[in-house]
Amino acid sequence: TSPNYAAGQKLNGRDGLPLTMDLQMITPTAVDWDADGDIDLVVGDEDGRVALVEHTGSTADGAPVFESPKYFQQQADTLKFGALATPFACDWDGDGDQDILCGNTAGQIGVFQNQGLGDDKLPKWSAPELLSARAPGGESRPFRIMAGPSGSVQGPCEAKWGYTTFSVPDWDDDDDLDIVYNSILGRIGLLRKEDGVLVEHSIDSSQTQWRTTPFAIDFNFDGTMDVVALDSEGFLALHSIGKDPERIFVDEDNQPLRLNSKSCGGSGRVKLAVVDWDGDSRLDVLVNSQNATWYRNCEDRDGKVVLKKIGNLARRNVAGHTSSPAVCDFDGDDKPDLLVGAEDGRIYHIKHDDCITYTTDQLQARPASSKPEPKFPGFVSEDFVFTKASFPECHASSICETSRGLVVTWFGGTEEKNKDVGVWVSYHNGNDWSRPTEWANGIQYEGHRHPCWNPVLFQPPGDAPTLLFFKVGPSPDTWWGEMMVSYDRGRTFRDRRRLPEKIDGPVRCKPILLDDGKTLLCGSSTEYDGWTVHFEKIRLDDGQPVENWRRIGPINTKKEFGAIQPSFLQHADGRIQVLCRTRESVVSTSYSDDQGETWSKMEETNLPNPNSGVDVVTLKDGRHLLIYNHLGSGRTGWGRRGLLNLAISEDGLQWRKVGVLEMEERAEFSYPASIQSDDGLVHI
């Protein structure tokens, strides 16, 4: 009784090519629009335009054939240019009044020509006309940036989007206006006017983020054009030709002004204008907000420009998703008025004298706040990954860096060994941590569940997936190893599988990639017949384990040391060293000079250990940084963990104190994890 449908097929136009619209996220409606007996299509486009796609009355290969889309036209009551309009006011046609150039999500640039003042003393405008440009030596064509299948950091769903944003300077000082633009691609480009035709060029020193305005202006008044724009990490920077971006803009506390700290799809997105808003001969910065946020240029300090965040310039929220501020002077009173492009594609205007005013005290930059003494030399900051969670206890953290930022994991549940304990993950988007998500539990079948243990993250180099190893089982002497992978840098995990028998993967601390760049060396240990340390090797192909695992060791007997959970140090001469937790109240160590194939006899170090895990990271400068509990294990073999310490060593043997991370009586700070990220910072 239910209908059967054939597979779908693409509709073609009269020219035999697939029927396409300008943008994506289209909404077609089938209707006989012209009442000629066949079904036409009325199609809404993503930017609000609507087109008629007329049925030709003929078919081909059993499918109707259509005319190319024709967009409906109407006389506009407001200025609108697609969606996420990015206006800029200038005298584009050289007739003495200011026109409006505008970008949009489609990646176009259009011009609204100023046709003179109306009865309301505001300009009347032409319909937008798309600008054309050509490559050097090529033919002029309508200018449009499109991401294509791989140009957007948010994926192929944005293939037809371009997100043009720009400024209009006389870049080459030839009395012709040019266009300096950015787009979905995150590359600053130049449309230079040559003999009245825009010609596409690249610009040196063009590091920036996607969808953020490159504002071209001689900011430092040295006679050459600069670009004020975000740098690759979201800091507002001065881009000068032939120089790396300079972070000359600081806040009231003399810290570099970071307008967006997010990564990937959350990065960029800052629209800005540079103007002397208050007439004090200092160039201010206006930034997208509900309308425009004024960052006032208050003073210079030690060669830096102090920008104080004053607040919005208007009370009305016109942004929608976001805004794009610009300035204009349509009435010629020499005061900058505010022009704002909005998500709905419309352009909004407010005169300078109608904007919010601020008191003198509000406009002044306060002195920089005194910095509190750091916990120890080199300390930068600390924060919580989460403050609220569905699990009352957590333990055994691990951390890695991906191309999208930091990812952390831990096990959490009622308490360690409880059957409800699962593996949880959170990632950092450059601004804050995501809500913890449980990606693995120990459910075997309905009504039968084991706890999870000791998750460990590892990010192979290149475009490889992120690896997540963990253990499942009733207890450490009966657990088994499992793993999952993430293809989106820790946002989701999939492809869960069990490791071979007696292969646990990295038991608690991060593994290392050996010198061949293909072999992963995991430090592991067992607790079912005394505490002994062994190692596991696996070859990686495209970042994933392939072929057979190899098990090396154990390297100690239970009579020598009750040792588990080795952590790696890598020496400049090629030796690999491990530091291990023990029952003997000391940290133990062993060495390998053949890439982990054989190991020296395990020995004690001069570091105490309260029978708690340690973690080491070998820094880029060759030193080794250790995080551990500087306490012994006492008579019971189980010491306290209320003191968490940092120590550093040149050789892995002699350690000196760096600082105390945590110290609290009756508290527990244990199972630390640490890495050094690409920017040189250490994350613990």
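Mentor: Let us begin with Cys522, whose sulfur lies 12 Å from the closest cysteine sulfur, that of Cys509, which is too far for a bond, because a disulfide is a pair of cysteine sulfur atoms within 2.5 Å. The model is predicted, so local features need pLDDT of at least 70 and side-chain atom pairs count only at pLDDT 80 or more, while totals for chains, interfaces and linings use all residues. Residues are numbered from 1 along each chain as its sequence is written, and side-chain values use heavy atoms, with hydrogens and water left out.

Trainee: What makes Cys522 count as buried or exposed?

Mentor: Its relative accessibility is 0%, and buried means under 20% relative accessible area, exposed over 50% and partly exposed in between, with a 1.4 Å probe and protein chains only; Cys522 therefore counts as buried.

Trainee: How many disulfides does a search of the whole structure find, and where is the nearest cysteine sulfur to Cys298?

Mentor: The search finds 0 disulfides. Cys298 is in none, the nearest cysteine sulfur being that of Cys355, 18 Å away. With a relative accessible area of 15%, Cys298 is therefore buried.

Trainee: Why is Asn611 called buried, and which residues does Asn611 touch?

Mentor: Asn611 has 1% relative accessibility, so the label buried applies. Its place is in the loop between β48 (603–608) and β49 (615–618), where strands are DSSP runs of E with at least two residues, helices are runs of H or I with at least four, and both are numbered from the N terminus. Leaving aside residues up to four places away in sequence, Asn611 touches residues including Trp531, Arg581, Trp638 and Arg641, a contact meaning heavy atoms within 4.5 Å.

Trainee: How do you know whether Arg489 is buried or exposed, and where does Arg489 sit?

Mentor: The relative accessible area of Arg489 is 8%, so Arg489 is buried. Arg489 is placed in the loop between β39 (480–486) and β40 (494–498). Among the residues that Arg489 touches, again not counting those up to four places away in sequence, are Arg404, Gln459, Asp463 and Pro465. Lys518 is 29 residues from Arg489 along the chain, and their C-alpha atoms are separated by 20 Å.

Trainee: Which peptide bond is cis?

Mentor: The cis peptide bond joins Gly553 and Pro554, with omega about 20 degrees; Pro554 is found in the loop between β44 (544–552) and β45 (563–570).

Trainee: What is the secondary structure of the whole protein, and how many of its residues count as buried?

Mentor: The protein comes to 1 helix and 54 strands, and 51% of its 684 residues count as buried. Along its principal axes, the C-alpha trace spans about 95 × 80 × 50 Å.
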